[in-house]
Structure formats: structure tokens, C-alpha cells
Amino acid sequence: MTSSGMASAFLVLLGLLVLVGPWVLGTANRLDRLHVRTDAAWAALDAALARRAVVTRAVAAVCDQAGLRAAADRAERAARPDREAAENELSGLLADLDRSALAPALAAELSDAEQRVVLARRVHNDAVRDTLALRRWRLVRWLRLAGTAPTPAYFEIAEPAADVPTQRVSARVVLVDGDDRVLLFEGFDPARPDELFWFTVGGGVEPAEDLRAAALREAHEETGLRLVPDDLAGPVWKRQAVFRFDGLSYAAEEWFFVARTTAAEVDTSRFNDLERRTILRHRWWSVAELRATDATVYPVQLAELLPDALAGWDGTTRPVR
């Protein structure tokens, strides 16, 4: 090759370097950032999975479920190739867990831990997708711009169906007539219309409303009675429960007052739309009837604790199921 030909080839090569060099450098830097992002996303996912395992062990201790605790231990100790299977096993056990027996705070913490796993897994898999997409470019592969960085992998586990319960504080009234009978409503969950249950007067506390004011308001709206603060004894009981209603999960905190009335008539004309659709009837129940019934009644200890509540409030708020 002549010297002029060599010079021309050098200039062409130099031109290619000028044109391609910045792209190569920029792509290599971008790929490096993607690998860092993927590593950080995995660290966050690993931390979220570890937190779920910790909360699961607390739940297992409350529910006395050794199998659930063992699954949490296996998931936490599993090597990376076995991690998906172990975490999916744990997810399956948690999906079958009856959360109604858990304290609302613990149930909410478990749901929060599960949702954080969902979010962390999505962030991780998004980072893996972007990294793999760039690594598949031909020039990236030909020039080996990924260096010695390991190829990232997706992490596939089932997402929990459970949603985070909404915190709900309620004021309820154990309304008793002159014959020591308590007023209960019979209703149902719109999602399960065949499962009927009985419950006391009361409902959710509105923002900036105190418990006693809420109890008085609910009593008027649901029965037509205008009680005054001195009519309410209590709160005599406090009930905490996690339940689903109309497709939503709630972590409920219910406070019960006792009130007496001589009125025989109950006016339900102030029911809201949901109450009109889901409450079938009402009736007055004696303690003997409550003890004998096979119907579902909330609180479930109503028949057991009502006699003491009727005897007079001693100033103590007792837990009730």
C-alpha cells in the first residue's frame, strides 16, 4: 500500500473513531449505570423480602403456625437459584391465611410488607428489562461493552391478592329497652349476600368527630332516637377486627357505649343508600335469645358480656371479640 493509501486509511479509521468513539463511551457508561441500578434494585427487593419474612414470623407466632414460620425461614435462607420457589411457597401460605384473627395493626403491617415486595419486584424487573435490552444490541455484544458484569435475571413471584386494609374507627351503641333487650340489625356483605349477620347500632367516626358525638349521631340516623351524652355509658368495650366488606378490606377499631331507651318504635328512614341495600330488618334480642341462637352476631361475645354491662359501667373499657 502506498503512503498516500495508508494515510487515507488512517484518516478513515480516525474518522470512524471520532464518530463511533463517543457512542461507544456513552453506551458503556449507560450500561454501567444500568448494572448499578439493577444491583440496587435487587438489594431493595432482597430487603423487602426479608421484612416480609420477619413480619410473617410474628404472624406465625400469633396464629401458632409452625409451617408458616418454617416457610419464612426457608425463603430467607434460600440461595438465589432457589429463591423464587421458596418465596412463592411463602406467598401461597400467606394467601390462605385467615387474617381476621390478627390484630389490625399486625394485619396492616403484613399487607404493607407484601405490597412493598410487589413494588420492589416491579422496580427490579424494570431495571433488568432495560439492562437486558441494551446488552442485546449487536455492537454492545461485539465490542463486549458489558465487560465481566453478570447477566441480570428477572425475579418472578406471585403477587398477593390481599390489599392494604383501610383503618376505620367506629362508635357503636348497645341500645337496650325496658326489658333488657338489645336492638340489633340483620344485614349482609354485598359481595356475599347469602351470609347474614346481626350487629349493633353504630358506624364510622367522621373527621374531627369524637366517639361520643359519633355514637349519638349514629343512633339518631339509624333509629330516630335523639339521645344526649349522659344517656351513654362507656365506652364499655373495644373491638378490633380485620374484615372485608363490599370488596374492600378494613382494619376496624370499634368502641361500644351502652344506652337505655323506653321507646318501642325504631325509625330507619334516615338510612343511607348502602344501609337500605344491605340491612334487611331489626329486632330486640334478650340475653337468653342471644345465647341460644345459631345466627352470627357481632360482637361475638355480646351474650356473654351484656349482663355485666347492664349492671352498670365500672369505668373500665374491656376488649371484646
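This is a dialogue on how to read some features of a predicted model.

Colleague: What should I know about the model before I start?

Modeller: The model is predicted, so local features need pLDDT of at least 70 and side-chain atom pairs count only at pLDDT 80 or more, while totals for chains, interfaces and linings use all residues. Residues are numbered from 1 along each chain as its sequence is written, and side-chain values use heavy atoms, with hydrogens and water left out.

Colleague: How many residues does helix H6 have, and what distance does H6 reach?

Modeller: Helices (H or I, at least four residues) and strands (E, at least two) are DSSP runs, numbered from the N terminus. The expected span of a helix is 1.5 Å times one less than its number of residues. Helix H6, residues 211-223, has 13 residues and reaches 18 Å from its first C-alpha to its last, close to the 18 Å expected.

Colleague: Which residues of H6 are buried, and what do they pack against?

Modeller: Buried means under 20% relative accessible area, exposed over 50%, and partly exposed in between (1.4 Å probe, protein chains only). The buried residues of H6 include Ala214, Leu216, Arg217, Glu218 and His220. Contact means heavy atoms within 4.5 Å. The buried residues of H6 pack against strands E1 (166-176), E2 (182-189), E4 (201-204) and E6 (248-260), and against helix H7 (273-278).

Colleague: How many salt bridges are there in the whole structure?

Modeller: Side chains of opposite charge can pair when their charged atoms come close. A salt bridge is a side-chain nitrogen of Lys or Arg within 4 Å of a carboxyl oxygen of Asp or Glu. A search of the whole structure finds 26 salt bridges. One network of them links Glu206, Glu209, Arg217, Glu218 and Glu221.

Colleague: Why can Asp273 and Arg277 be described as about one helical turn apart?

Modeller: An α-helix has 3.6 residues a turn, so residues three or four places apart point the same way. Asp273 and Arg277 are 4 residues apart in helix H7, and therefore separated by about one helical turn. They form a salt bridge, with the closest N and O atoms 3.2 Å apart. Asp273 is partly exposed at 46% relative accessibility, and Arg277 is partly exposed at 45%.

Colleague: Where is Asp177, and what does its side chain meet?

Modeller: A polar contact is a pair of N or O atoms within 3.5 Å; within protein, one must be able to donate a hydrogen and the other to accept it, and residues adjacent in sequence count only if both atoms are side-chain atoms. Asp177 sits in the loop between E1 and E2 and is buried, with a relative accessible area of 7%. Its side chain makes a polar contact with the side chain of Arg181 at 2.8 Å. Leaving aside neighbours within four places in sequence, Asp177 is in contact with Arg260, Thr261 and Trp284.
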